[in-house]
Amino acid sequence: MTDPRNRVVQVGRFGGPDGLEVVDASLPTARRGEVRVRVLASGLEYTDVLIRRHLYPQTMRRRLPFVMGYDVVGEIDQLGDEVTGFQVGDRVGDMTVVGSNAAYRTLRADRLVRVPEGVDPAEAATLILSWTTAYQLLHRAARVQRGQRVLVQGAAGAVGQALLALGRLAGLKLWGTARGAQAALIRELGATPIDYQREDFTRVLLDGFDVVFDGIAQNEYRRSCAALKRGGLLCAYGYSAGVQAQRRMVTMLMWIARLYLWRWLPGGKHARFYSINVMRARHPDWFRDDLERLFSLLATGAIRPRVAERISFDEVAEAHRRLEAGGLAGKLVLCPDLKP
Ligand SMILES: NC(=O)c1ccc[n+]([C@@H]2O[C@H](COP(=O)([O-])OP(=O)(O)OC[C@H]3O[C@@H](n4cnc5c(N)ncnc54)[C@H](OP(=O)(O)O)[C@@H]3O)[C@@H](O)[C@H]2O)c1
């Protein structure tokens, strides 16, 4: 029998989506402590845009070319030596930061999270980066309390939608900024929409929000801070506005560093920056527990992540263009088995 063929999406040149290449690659072999998976689904995220543009701290030292792909749901097709607890055919997921936009890849067995039977692999893949980020922002970083008044910036985005859905389960009162055309989606997710092109979110609540989640960094996070009540908390986790405005990495890192100085300002407001990679490195057990919890919420139907489209390898560059253009109402997920 001939070996199956491997294909990967690699960055050949930092910059625009035309620097991406889909190429044939050799089939990897699982080494000691590893499994090989046939990839069923791998999400495409705005964070991939940062990586492709060479604006992502965790991948700044990567040499070209390298394979893209932040997360993976796959079926084990080979076990390396000394792997216990898994069998060929098991479905598993992991957050890999790079390397998962592929037909096959190897993964460390000790980092795998089991994907429950019967769940859709593309929906499961959306939970790994975007929903785990949202879950940890709410319950690990901000430690929200039922009844708190919370503003979600970029609420129609991948993390934003997850923040609203999980925030509703946590009993929060929610507002979400999004373009006007997404107002119905924001309402459906249980929040009050605020049109970011027409309305001023700093004037929505006279006494301010308890917590603001901001992955956009419009105005260097200043207006999100202005929307807080006395003693409120700003949880920043991204800087899409800086990327769109083609700001330099060092400039955006300074915005983040400055957040920690705001606690000395009058009004007792606090700000912090959340990174899923930093939290996973410090608390690998939290990552596993939180992703397992999300997988079981998916299995029971308590959450319904939106997949905007399942795409094939040949559509990945176009998917990156769509991510940058905005206006998506769900995630784009690479499903290697799909034919164009
Ligand atoms: N720190 C971490 O661990 C972590 C984890 C995951 C993601 N992130 C970062 O978080 C950010 C968001 O990620 P994502 O995957 O949710 O991205 P996404 O799916 O592209 O969502 C971003 C959303 O923000 C909206 N938006 C753009 N400008 C806005 C503005 N001025 N006001 C309000 N909304 C605005 C976009 O709306 P339109 O469609 O209308 O443009 C879009 O709905 C990215 O920068 C990503 O890199 C960080």
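Predicted model: local features only at pLDDT ≥ 70, side-chain atom pairs only at ≥ 80, totals over all residues.
Accessible areas here come from the Shrake-Rupley method with a 1.4 Å probe. By that method the protein chain exposes about 15,700 Å², of which carbon and sulfur atoms supply 47%.

**Protein chain**
- The protein chain has ten helices and 16 strands.
- Its radius of gyration is 20 Å, close to the 20 Å that the globule rule gives for 340 residues, so the chain is as compact as a globular protein of that length.
- The C-alpha trace spans about 70 × 40 × 35 Å along its principal axes.
- Buried residues make up 55% of the 340 in the protein chain.
- Of the contacts between residues at least 6 apart in sequence, 68% join residues at least 24 apart.

**Shell around the ligand**

**Ligand contacts and burial**
- Q218 places a polar side-chain atom 2.7 Å from a nitrogen atom of the ligand.
- On the backbone side, a polar atom of A158 is 2.9 Å from an oxygen atom of the ligand.
- V159 likewise has a backbone N or O atom 2.9 Å from an oxygen atom of the ligand.
- The ligand taken alone exposes 930 Å², and the protein buries 88% of that.

Terms used
Residues numbered from 1 in each chain as written. Heavy atoms only, no water. Polar contact = N/O pair within 3.5 Å; in protein donor to acceptor, adjacent residues only side chain to side chain. Helix = DSSP H or I, 4+ residues; strand = E, 2+ residues; numbered from the N terminus. Rg over C-alpha atoms; globule rule 2.2 N^0.38 Å. Buried < 20%, exposed > 50% of the residue type's maximum accessible area, 1.4 Å probe, protein only. Contact = heavy atoms within 4.5 Å.
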